[in-house]
Structure formats: structure tokens, C-alpha cells
Amino acid sequence: MTQISRFTGEIVPIAQVVTGDGDESAAPEGGGGFADYALVSLHCLRIYLDTSYRMTIDLLKEMPQITGEIGLSAADLPSPSTLCKAFDRISMSVYRVLLRQSAQLHDPSKHAAIDATFYERSAASRHYCHRINYRVQKLKVTKLVDTESQAILDVHCSTTREGSDADLAEQIARRNAGDLRSLAADKGYDKQSLREALRELGIRPLIKHRIFAPYDHAHNARIDKQRYNQRSMTEPVNSAVKRSLGFAVRARSWFREFQEIALMCVVYNIKRAIEQ
């Protein structure tokens, strides 16, 4: 069995569970549309293959086994424009649940680390940038990573650098409160309100204090060094995603770029699971 076949065999059942339409036919019947799980699977394959919409459809027409696992034949495949429009119809909340489900393939340890990285927005013509006021060149992407399995648990995207990293970390921690026992981060997340919020959520903060007074040394000495040092696991994860799936997003609008980043994390989780 090839890697792409194993990938498809993992993403299809996950997409069926997340979208809740696993009992429906993947292809349109009686004037209906494509099942959401089929469209989500096709988008994940597009990210996995790192190709455009048109090239993805062209490649899948030559892969009857892969399309068959989705429940489609070569004749049933949607047009590139249909696949593109379906990307807007599926909400970001679906992609977040999909990410959570893909992380469960790794049996997370409940010990996580958080850090931010940047993705380039694909180069566009000067005329296009001027027409839509396209000025933001980078996306700030914050990832919550399981320190043992290196699975991505959650992701947050932003087109601005406004706001505190610590406040953002609190928002992500609240979304995953029931699944975390500890959260490690570097000194950029040093904020007392974040530590207090994490403790209220039952999460042990592993964030070193900046040294302003002698008692800050005592606070840092009590940190679990082994768990704290695993915060660096976010760096190889960010590197692996960028090396295998690209360091730039193809989409033009910000909400499509956020969805693309989430799908890249889903694909990374599944690729890592099948490789192991």
C-alpha cells in the first residue's frame, strides 16, 4: 500500500465523523451536491500533494484506487472551480475539529508546548495587491504541540502582530483545557495573568519568570526542567510542516489562508501517524 493510499484511508473516516454525513453518497445524486466528507478529503489531498486545484483533479483522475476510497470515480470528480468554491462553504470550526481528531491518532500525552512562527503569503502581482489593498506579507501562526508525540493539537492564525502572546496562549489553553496537564512556553509568554488562568484551568504553567528580583530565581528553580525543556519540540514541528507542505499559503483572502494553515496541520498529523 502506498503512502498516499494510507493517507486517504486515514482522512476519509475522520472527515466522515467530523462532517456527520458519512452515510451519504460522496458523489452528487438526484441533483444534490457532493458530500462534505468527500470535499474535505479532496482538499486534504490537495494539501498533501502540494498542487493547485486543477492539478489535483488531473492527478486524481489517474488514481482510481485513491478516488475509490473516497467513494468517487474519475467521472465523478468535481471541477477545479467547484472544489475551490467548496473551500469557502466549509467553516473554520469544521477544520478545527478535524485537527483535533487527527491529533488523536497519536494518543496525546496531555503535556504541550506553545510557540509562534510565520508563513509567507504567496507572491501576487503588483496590480492585484494594489487592487485589493493586499499589504500583509506574513501570517503569524501559533501552534499548540504535544511534546511527546509532536502532534499539533490546535492552531491560531493572525494577520497582525497586535496583542500579547500570553493573552493568545490563554485563549488557546481555554479551548483545550480538558486535554492538558501542563503547558510549556518560552519567556515571551511570561505574564502572571496567564499563569493564574492556567492554574484555574487545572493546567500547570511551565514558563520561566523574567529575573527582576531574587525570588524569581526561586520560582524558576521549582520548574520541572525536563518538561520545560521539551518546549523546543515546537521548533522541529514548525520546520517539518514548512519543509514538507510549504512555507507559504496559496490562498488570497485571509479567512481562506487560515483554513489552509489548519488543513496543513491536519495533513502533517496524519502523515506523521502513517509514517510511524
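Which residues does Ile261 touch, not counting residues up to four places away in sequence? The legends below begin with the view that answers this.

**Figure 1. Surroundings of Ile261 in the predicted model.** Ile261 touches Tyr119, Leu139, Val141, Val155, Cys157 and Val249, with residues up to four places away in sequence left out of the list; a contact means heavy atoms within 4.5 Å. This is a predicted model in which local features need pLDDT of at least 70 and side-chain atom pairs count only at pLDDT 80 or more, while totals for chains, interfaces and linings use all residues. Residues are numbered from 1 along each chain as its sequence is written, and side-chain values use heavy atoms, with hydrogens and water left out.

**Figure 2. The nonpolar cores.** The largest nonpolar core has 57 residues, and those with the most contacts inside it are Phe7, Cys44, Leu98 and Ile261. Helix α13 (residues 254-275) gives the most to this core, with 11 residues. Apart from it lies another core, of 19 residues, including Ala112, Ala151, Ala166 and Ala185. A nonpolar core is a set of buried Ala, Val, Leu, Ile, Met, Phe, Trp, Tyr and Cys residues joined through side-chain atoms within 4.5 Å. Buried means under 20% relative accessible area, exposed over 50%, and partly exposed in between (1.4 Å probe, protein chains only). Helices (H or I, at least four residues) and strands (E, at least two) are DSSP runs numbered from the N terminus.

**Figure 3. The whole chain, as context for the close-up views.** The chain contains 13 helices and 6 strands. Of its 276 residues, 48% are buried. Among contacts between residues at least 6 apart in sequence, 65% join residues at least 24 apart. The chain exposes about 13,400 Å², and carbon and sulfur atoms supply 49% of this area. Accessible areas come from the Shrake-Rupley method with a 1.4 Å probe; for residues, only the protein chains shown count as cover.

**Figure 4. The buried residue Asn269 in helix α13.** Asn269 is found in helix α13 and counts as buried because its relative accessibility is 0%. Asn269 touches Leu99, Ser102, Ala103, His106, Ala151 and Ile152, not counting residues up to four places away in sequence. Asn269 and Arg100 are 169 residues apart in sequence, and their C-alpha atoms are 9.7 Å apart in space.

**Figure 5. The second largest pocket and its lining.** The volume of the second largest pocket is about 160 Å³. Its lining consists of Arg100, Ala103, Gln104, Asp107, Pro108, Lys110, Leu144, Leu153, Asn176, Asp179 and Leu180. By class, the lining has 5 nonpolar, 2 polar and 4 charged residues. Ala, Val, Leu, Ile, Met, Phe, Trp, Tyr, Cys and Pro count as nonpolar, Asp, Glu, Lys and Arg as charged, and the others, Gly among them, as polar. On a 1 Å grid over the protein atoms alone, a pocket is an open set of points, where a 1.4 Å probe fits, with protein on both sides within 12 Å along at least five of seven lines; lining residues have an atom within 4 Å of a point. Grid points are joined across faces, edges and corners, and a volume is the space filled by probe spheres set on the points.

Figure 6. Most residues other than glycine have a negative phi. Phi of Lys110 is near 75°, and this residue lies in the loop between α6 (92-103) and β1 (111-121). Lys110 is partly exposed, since its relative accessible area is 33%. Phi of Asp50 is near 55°, and Asp50 lies in the loop between α2 (36-49) and α3 (53-61). Asp50 counts as partly exposed because its relative accessibility is 38%.

**Figure 7. Ser52, in the loop between α2 and α3.** Ser52 touches Arg46 and Arg250, not counting residues up to four places away in sequence. The C-alpha atoms of Ser52 and Pro80 are separated by 8.7 Å, although these residues are 28 apart along the chain. With a relative accessible area of 35%, Ser52 is partly exposed.

Figure 8. Ser81 lies in helix α5 (residues 80-89) and is partly exposed, at 43% relative accessibility. Ser81 and Arg54 are 27 residues apart in sequence and 8.3 Å apart from C-alpha to C-alpha. Ser232 lies in the loop between α11 (225-229) and α12 (234-245). The C-alpha atoms of Ser232 and Asp115, 117 residues apart along the chain, are separated by 8.8 Å.
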